[in-house]
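Subject: Structure handover, with notes

Hi,

Here is the structure I promised to pass on to you. Have a look at it first, and then read my notes below.

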Amino acid sequence: MDSFELNKILGALLFSCLCLLALNIGAEAMFHPVKPEKPGYPVEVKEHAAGGAQAKAEPDEPIEKLLASASADKGANSAKKCATCHTFGKGEPDRVGPNLYGVVGRPKGSEGSFAYSAAMKGKGGNWTVDDLNAFLTKPSAFVPGTKMSFAGLPRGSERADVIAFLNTKSDNPAPLPKAAEAGAPSKAAETAPAGQKK
């Protein structure tokens, strides 16, 4: 191969590189991207989704009323969400969270050798139905500083089902409050004035 042919090949390569460079400069001038301050894409999330209104309306019902129609079978199904971190059987080992056998009425932060957060240990008292309802609604709101990262159960009926299920997981299940008991004083108060009028 003579030098003339070699010069033609090298000239063609040089010309191709110059064309690519010119195209790159031209494209960058036409389509200049704006770089964000933070890498990534901003995602706007509405605070109140379609189910948000229902989730806010339902907690107004007292847990006693919800427990009147609660189903432990439905609660067992809902509690599957909890089964990744908790066990429910007697004598079963702790997982990421403590074993929940006998939790209704049990002192808070008292399950065996489980390493509770200081916030949970400092909460004090027993797990009442009202406390379980508040905790299952949003654990981080009921016990600020808890290690439990569960978002909560927004539907009151689902919380009542889970509480009814947890109550069955005990040697001596506690009697759950009923709606009739919660409404009894108000009915008595309504009938008292009527009796006075007679």
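This is a predicted model: local features need pLDDT of at least 70, side-chain atom pairs count only at pLDDT 80 or more; totals for chains, interfaces and linings use all residues.

Residues are numbered from 1 along each chain as its sequence is written, and side-chain values use heavy atoms, with hydrogens and water left out.

**Overall build**

The protein has nine helices and zero strands. Here helices (H or I, at least four residues) and strands (E, at least two) are DSSP runs, numbered from the N terminus. In sequence order the pattern reads α-α-α-α-α-α-α-α-α. Of the 198 residues, 27% are buried. For accessibility I use buried for under 20% relative accessible area, exposed for over 50%, and partly exposed for in between (1.4 Å probe, protein chains only). If we take contacts between residues at least 6 apart in sequence, 48% of them join residues at least 24 apart; contact means heavy atoms within 4.5 Å.

**Helix 6 against helix 8**

How do helix 6 and helix 8 pack? Helix 6 (residues 129–137) meets helix 8 (residues 156–168) at an angle of about 125°, and their axes are 10 Å apart. The axes are lines fitted to C-alpha atoms, for helices over the stretch in contact, and angles run from 0 to 180 degrees between N-to-C directions. Helix 6 and helix 8 are therefore oblique to each other: angles under 35 degrees count as roughly parallel, over 145 as roughly antiparallel, 65 to 115 as roughly perpendicular, and the rest as oblique.

On the helix 6 side, the contact is made by Val129, Leu132, Asn133, Leu136 and Thr137, which meet Arg159, Val162 and Ile163 in helix 8. The residues of this contact divide into five nonpolar, two polar and one charged.

Which residues of helix 6 are buried? They are Val129, Asp131, Leu132, Asn133, Phe135 and Leu136. Their cover includes helix 3 (63–68), helix 5 (118–123), helix 7 (139–142) and helix 8.

**Individual residues**

Asp131, in helix 6, counts as buried because its relative accessible area is 18%. Beyond its neighbours within four places in sequence, Asp131 is in contact with Lys108, Asn126 and Phe142.

Not counting residues up to four places away in sequence, Glu158 touches Ser78, Lys81 and Leu153.

Further along helix 8 comes Asn167, buried at 7% relative accessibility. Apart from neighbours within four places in sequence, Asn167 is in contact with Val104, Pro173, Ala174 and Leu176. Thr168 is in helix 8 too, but is partly exposed, at 43%. With residues up to four places away left out, Thr168 touches Ala72 and Pro173. Thr168 and Ala72 are 96 residues apart along the chain, and their C-alpha atoms are separated by 7.5 Å.

Gly97 is in the loop between helix 4 (72–78) and helix 5, and is buried, with a relative accessible area of 6%. Leaving out residues up to four places away in sequence, Gly97 touches Cys85, His86 and Phe114. Gly97 and Met148, 51 residues apart in sequence, are 7.6 Å apart, C-alpha to C-alpha.

**Cysteines**

How many disulfides are there? The count comes to zero, where a disulfide is a pair of cysteine sulfur atoms within 2.5 Å. Cys17 is in no disulfide, as the nearest cysteine sulfur, that of Cys19, is 9.4 Å away. Cys17 counts as exposed, at 51% relative accessibility. Cys82 is buried, with a relative accessible area of 12%.

Best wishes

Methods:
Ala, Val, Leu, Ile, Met, Phe, Trp, Tyr, Cys and Pro count as nonpolar, Asp, Glu, Lys and Arg as charged, and the others, Gly among them, as polar.
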